[in-house]
4 protein chains.
Amino acid sequence: MPQFLAAFEVGQSKVEEERRQQICRFGRWMYRRGLVVACQGNLSVRLDEDRILLTPAGACKGRLAPEDLLITDLSGAVLSGAGEPSSETQMHLLFYRERPEVHAVCHAHPPTATGFAAAGRALDQPVLPEIVADLGTIPLAPYGTPGTWEVCAGLEPLVAEHDAILLESHGVVTCGKDLATAYYRMETVEQFAKILLTARTLGGPRLLSSREVEKLMAAKAGRWTARPQGSVELPLEADARAYAAPGARRERTPFSRHRAQRRNAR
Amino acid sequence: MPQFLAAFEVGQSKVEEERRQQICRFGRWMYRRGLVVACQGNLSVRLDEDRILLTPAGACKGRLAPEDLLITDLSGAVLSGAGEPSSETQMHLLFYRERPEVHAVCHAHPPTATGFAAAGRALDQPVLPEIVADLGTIPLAPYGTPGTWEVCAGLEPLVAEHDAILLESHGVVTCGKDLATAYYRMETVEQFAKILLTARTLGGPRLLSSREVEKLMAAKAGRWTARPQGSVELPLEADARAYAAPGARRERTPFSRHRAQRRNAR
Amino acid sequence: MPQFLAAFEVGQSKVEEERRQQICRFGRWMYRRGLVVACQGNLSVRLDEDRILLTPAGACKGRLAPEDLLITDLSGAVLSGAGEPSSETQMHLLFYRERPEVHAVCHAHPPTATGFAAAGRALDQPVLPEIVADLGTIPLAPYGTPGTWEVCAGLEPLVAEHDAILLESHGVVTCGKDLATAYYRMETVEQFAKILLTARTLGGPRLLSSREVEKLMAAKAGRWTARPQGSVELPLEADARAYAAPGARRERTPFSRHRAQRRNAR
Amino acid sequence: MPQFLAAFEVGQSKVEEERRQQICRFGRWMYRRGLVVACQGNLSVRLDEDRILLTPAGACKGRLAPEDLLITDLSGAVLSGAGEPSSETQMHLLFYRERPEVHAVCHAHPPTATGFAAAGRALDQPVLPEIVADLGTIPLAPYGTPGTWEVCAGLEPLVAEHDAILLESHGVVTCGKDLATAYYRMETVEQFAKILLTARTLGGPRLLSSREVEKLMAAKAGRWTARPQGSVELPLEADARAYAAPGARRERTPFSRHRAQRRNAR
């Protein structure tokens, strides 16, 4: 082998080694912070055009060693590694095939966000500006039996335009330009769910007005090029500011509207 | 002693030493993750046909040393160890006597799942596919005074067909083919309780339909041989999909049905 | 000094050193587990008949060094140590003066139990057998301005017969025969509050019947001699078992009774 | 350079080095305790009259190195450091310009307190004496698009008289005479929000009476000189003691009053 090719291989394997270490580190964080328990969840990273590095089935993500990971091609065929690939591998590959700029995918079961997913509720209201600016809406992919193509069928229409998606009756999946970004988005989704749950207990969140959302979108267009601006379909309501009375504001949420209907039906 | 027997003994004591280390490690995890506080909970492992290794009474499970553990036979008589065995020893032995394939038992008081147990509510609705596939239902064993045979009387009819059981007004017990499995099931029960509590706050969880549950059971039959398929008695309701309107769906849960009765009774 | 007295002094100072280390360790635990934040809470240990070792005012309990602690007599006069004693010192001394068998006191602000204290609600229902057997009831001491004698005035009638007490609009205080016991009781109170909050969200806890409570008291009488049996004033209701229907059971809790009154008053 | 000036510079750079270490340490605490996730939040410290040391934009605060930090002047111009300053820099500078005694500012998104901020609710009821004595009220600054002057416009009227402020639909900002004080106040705000949420679930918190609040203010005047006494605008209600019946007490909270109005409107 010519010397420059050997040096290239050494460089490549060094990058791969770093990626393996990175998956183990974020796996530990995911487990310690309670975003998964037991052997739940999986993490993957794109190594190059054809190869994906990902976590094996049935292992605690808090205790992975770099050599436990597998490499597959974009169809899911195992190229190296001793274990079985995660039963959710096809979900990861869906992101890599559809989105060339995505280099990492994270799947977990954070308890509060999964509570929303189990209740069949998306996180799609414009409540926190930083969520709107980074993630737009967080939609709910319809239920599919885990480990089957049903999961991908529900996800497919959503993958192109969203970086974080709730999986009905199941959990959450996030992606990003690198593993840190995908992982941090998982933390962010769970935190948003916690904030929203508290706000609902207190009478419902204040919704950002259409003008406020537009300002955030404009700022975002300048900073974020990886995602098209049109991907965000927020319920652009009239200015919440115009409805300062708490009673009036609360009537504007889907919840209180529903409650009002039930009350009237008695 | 012939040499091969000495070698056998050395091998056996090495296995025992590993089991002791393992109980101490999962004890620390159990305490650090808040599944127990103070001196609550206990862990045990089957050493061989006649001997069980288990945690002593009245010690913090987060600070055990390998030499603190006791060995008893299947009747509970202490074979070695200085302390007193846990007052819940008989609960552990019940699993070992009834289920030859069970090699570890874990008892804890995780706060959310114990909240369900204190409210007298089982975790028996088909909400998350991974819970259905691994644990089926999580039933509620009726209350018995701790440390008496009443606890076992309530558990006995449930032990054969369940790997995780709520103990009314008390806590949770799980078992498995090894300690990691039993421990991870404890984490999973608490996470499920958290998810369910959130989903209830948001209007109630979406229930899996009978067809969805059957698919999971079929897949499970292939993967899990340790537990008979018939052990799972899920409330197989008609397809939830057919009841997409949130009001209609909610009427199908036992809670809302109860609430409706009270409303009508006014 | 004769040699045996010197040896005694060395032994005594070794015990004191161990006590200092112990307070620092449980201070770290208290902070890391979220039982206090910032510079809240305090810990103390009885060194001998006249001397109490306790934490200084205004320090984070998660970052104490052994030399930060103070020694006072039973009136609160500082015998050694550079800082100012905690403003809650008199609360600690009250326990040491009234209860010769108490050797440690722990005060903290665990968020859920303090939520009960801020709502003016005691933790006095017989819900979990292990709480009944160890702590009996956890009463609510009426509010007093912190750092004044008002706090002690509210506590005084309760100290003789309780090992854990809620302080209205303030926090929790626990005591024990050693620091581990007092600290573990603080963890246990917070866990009980979490369990009770969850159970209330689910329709209310199942209450232990008078017969069930009596059984626990009888068992306790044999194991615990430090506390008189009569100290526990549990609301001994008729057998909850006789009220199996959830509606009926719920009517028996003070909450639902109150709710029923409000409903009738409409 | 004369020797004494060199010694002064060495001393100064040693202080700066300590401040850098301190920001990294409290950044780790902030992240580990869940007061921020992902790359949220920022911390700053006053180095001298003209220079502020602060965290860079877009970095995880749990993984900062001392050399990642930036130094700006009071207008926000970068004096040293490679990264971009936080988009919230102007919020920090507002405190340093308006309050000469403030030497540190902390901004985070603790989930419970941010839930109050997302619901548009201040933490301004006199519930816990230690909150009243240290922070007075915690007001809600009206929403402004993050990273714009709107945020400062909403904060400006509140900065002079408050050490902890909720930012509507966004998060929390605290300040103090040093970084430990500012950080501990962030922990305290989140703990207060948790306690209040629990108390509300249980029927509402007991409010301190005007006499109780006045006593705390009087004690505070003696201990705290940095903040003017008049800064605290508490809703001084009549003695809550006079309203001992739970129903009566609950009618006094804004929540129950609102609920009562809705009930009457049916």
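Here are some friendly notes on this predicted model, taken point by point.

1. **Chain A as a fold.** Of its 266 residues, 48% are buried. Looking at contacts in chain A between residues at least 6 apart in sequence, you will find that 64% join residues at least 24 apart.

2. **How the copies are related.** Chain B can be superposed on chain C by a rotation of 90° with 0.0 Å of shift along its axis, at an RMSD of 0.0 Å. The two copies are therefore related as by a four-fold rotation axis. Chain B also superposes on chain A through a rotation of 90°, again with a shift of 0.0 Å along the axis and an RMSD of 0.0 Å. In chain B, the C-alpha nearest this axis belongs to Thr201(B), at 6.0 Å.

3. **The contact between chains A and B.** Chain B contributes 24 residues to this contact and chain A contributes 21 residues. On the chain B side, at least two residues each come from helix H4 (129–135), helix H6 (179–201), helix H7 (210–223) and helix H8 (246–251). H6(B) gives the largest share of that side, with nine residues. Sorted by class, the side of chain B that touches chain A holds eleven nonpolar, seven polar and six charged residues.

4. **The nonpolar core.** As background, nonpolar side chains in soluble globular proteins tend to be buried together. In this model the largest nonpolar core has 273 residues, and the members that touch the most others are Leu166(A), Leu166(B), Leu166(C) and Leu166(D). Take Leu166(C) as an example: setting aside neighbours within four places in sequence, its contacts include Phe116(C), Leu123(C), Ile138(C), Leu140(C) and Val172(C). Several alanines also touch Leu166(C), namely Ala113(C), Ala117(C), Ala122(C) and Ala141(C).

5. Which residues of helix H5 (residues 149–159) of chain B are buried? They include Val151(B), Leu155(B) and Val159(B). These residues span an arc of only 50° around the axis, so they sit on the same side of H5(B). Among the elements covering the buried residues of H5(B) are helix H2 (89–98), strand E6 (140–141) and strand E7 (164–167) of chain B.

Note on methods: Residues are numbered from 1 along each chain as its sequence is written. Chains are lettered from A and ligands numbered from 1 in the order in which they are written. This is a predicted model: local features need pLDDT of at least 70, side-chain atom pairs count only at pLDDT 80 or more; totals for chains, interfaces and linings use all residues. Two residues are in contact if their C-beta atoms, placed from the backbone, lie within 7 Å. Helices (H or I, at least four residues) and strands (E, at least two) are DSSP runs, numbered from the N terminus. Ala, Val, Leu, Ile, Met, Phe, Trp, Tyr, Cys and Pro count as nonpolar, Asp, Glu, Lys and Arg as charged, and the others, Gly among them, as polar. A nonpolar core is a set of buried Ala, Val, Leu, Ile, Met, Phe, Trp, Tyr and Cys residues joined through C-beta atoms within 7 Å. A residue is buried if 20 or more other C-beta atoms lie within 10 Å of its own, exposed if 12 or fewer, and partly exposed in between; C-beta atoms are placed from the backbone. Copies are superposed by least squares on the C-alpha atoms of residues with pLDDT of at least 70 in both. The arc is that of the directions from the helix axis to the C-beta atoms.
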